[in-house]
Structures are given as C-alpha cells and as structure tokens.
Amino acid sequence: MSAIIIRNGRVIDPANKRDEVADLLIVDGRIAEKSEIRGQKSEIEEIDARNLIVCPGLIDMHVHLREPGFGHKETIESGARAAAAGGFTTIVCMPNTSPAADNPSTIAWIKNRAAGACVNVLPTGAISKDLAGEELAPIGSLAQAGVVAITDDGHCVQNHELMRRAVEYARMVRVPVLDECQDYN
C-alpha cells in the first residue's frame, strides 16, 4: 500500500461544495479516509501544500495538438505533458490537423497515439469534410470511433442547411456540437 498525505492545502472540490484548508490522504492513488492508514507499516509520503490549491484535475476543452501533420509544431505527447504540468488531467483536441480529423481512421490514429499519454486525450471530429464547410463528415462513424464532440474549429460553417443537418445527426448519435460562430459576410 502506498500512501501520501497532502497537508495544509486549500482543498477546492466544487462537486462536494468543499473549499477549506485541510489535509488530504491518498492511498494507492485514491482519496481515502485517515482510518485507512491505521497500522500501515510502509512509510507515508508527506507533501506540504501550504499556499497551494488542491483540486480535482482540470479539463481543457480546446487544445490544438497538431498531430497528425504538424508534429514540428506540437505532438500529442508534448501537448499532454504541457497540460499535465498545468494541472490538467483531460484535454479535448480539435480536428484541425492534416489530414483533418474527419474520418474514423484519423480518429483511431489519434486515439492510438494518445493511449500512452500522461493525461486523457479526447478527440473531436470535424463537422465537414476537410473542415471546408461544404460536405458533411460521417458524423455517425465519427461518433462510433469515439469522438466526444464535432466541430470545424477555426472555421464557421456558413451553409445553414449543412449546419442544420450536422446538428440533427449529432443529436441522433448524442454527440455535442462545438461551433465557432462567425458570419463571414
């Protein structure tokens, strides 16, 4: 059994309406009650969190990991490490890659590449093929491949009929739509 006590941190947990300076016990990677370490023979690591915030991991809903296609700018691994350094445990990556994340095979590639990342990497799929706003991407197939949302991030679908169909399909497969609302006119 491994145990860590984080002492004197400001514990903020909105889900449990908690905001107080307190100690937090972690046993085998899970938050535990102090009674769980009674009689423990192994050493307990202590971390002084005075003047620090202790909270659930943060989620960044909009990251550009640039892979596939632009690995010279950032990779899934380097983006995940940067997120972890900032206290993020989950990141949602946008589909503006090359090729665009507009098909199940690209989503599978991203998920495979992210499998060993130090944070959860959740891919989004494109609303339209190649983010061009002209033809719908296969939204049902993208949902089956595991996207958490669809978006033409950085581009706004100007064709209202296409966007209406995208929202209808997304609703059928229960995938949120993230839209960057801009009217280019």
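Start with the contacts across the whole protein chain in this predicted model. Among contacts between residues at least 6 apart in sequence, 69% join residues at least 24 apart.

Now colour the protein chain by secondary structure. There are 4 helices and 8 strands. Follow them from the N terminus on, and the order is β-β-β-β-β-β-α-β-α-β-α-α.

Zoom out to see the overall dimensions. The C-alpha atoms fill a box of roughly 65 × 35 × 30 Å along the principal axes. The radius of gyration of the protein chain is 21 Å, whereas a compact globule of 185 residues would have one near 16 Å.

Next, show the surface. The protein chain exposes about 11,200 Å², and 49% of that comes from carbon and sulfur atoms. Buried residues account for 36% of the 185 residues.

Hide the surface and look inside. In soluble globular proteins, nonpolar side chains tend to be buried together. Which residues touch the most other members of the largest nonpolar core? Select Leu 65, Ile 91, Val 121, Ile 127 and Ile 150, out of 27 residues in that core. Then select the helices and the strand that each supply at least two residues of this core: helix 1 (76–85), strand 7 (88–93), helix 2 (104–114), helix 3 (139–145) and helix 4 (160–172). Helix 4 gives the largest share, 4 residues.

Centre the view on Ile 150. Leaving out residues up to four places away in sequence, Ile 150 touches Gly 125, Ala 126, Ile 127, Ile 139, Ala 166, Ala 170, Val 175, Pro 176, Val 177 and Leu 178.

Last, select Ile 6, Ala 22, Leu 24 and Ala 49. These are among the 6 residues of a second, separate core.

Notes: Residues are numbered from 1 along each chain as its sequence is written. This is a predicted model: local features need pLDDT of at least 70, side-chain atom pairs count only at pLDDT 80 or more; totals for chains, interfaces and linings use all residues. Side-chain values use heavy atoms; hydrogens and water are left out. A nonpolar core is a set of buried Ala, Val, Leu, Ile, Met, Phe, Trp, Tyr and Cys residues joined through side-chain atoms within 4.5 Å. Buried means under 20% relative accessible area, exposed over 50%, partly exposed in between (1.4 Å probe, protein chains only). Contact means heavy atoms within 4.5 Å. The radius of gyration is taken over C-alpha atoms; the globule rule is 2.2 Å times the number of residues to the power 0.38. Accessible areas come from the Shrake-Rupley method with a 1.4 Å probe; for residues, only the protein chains shown count as cover.
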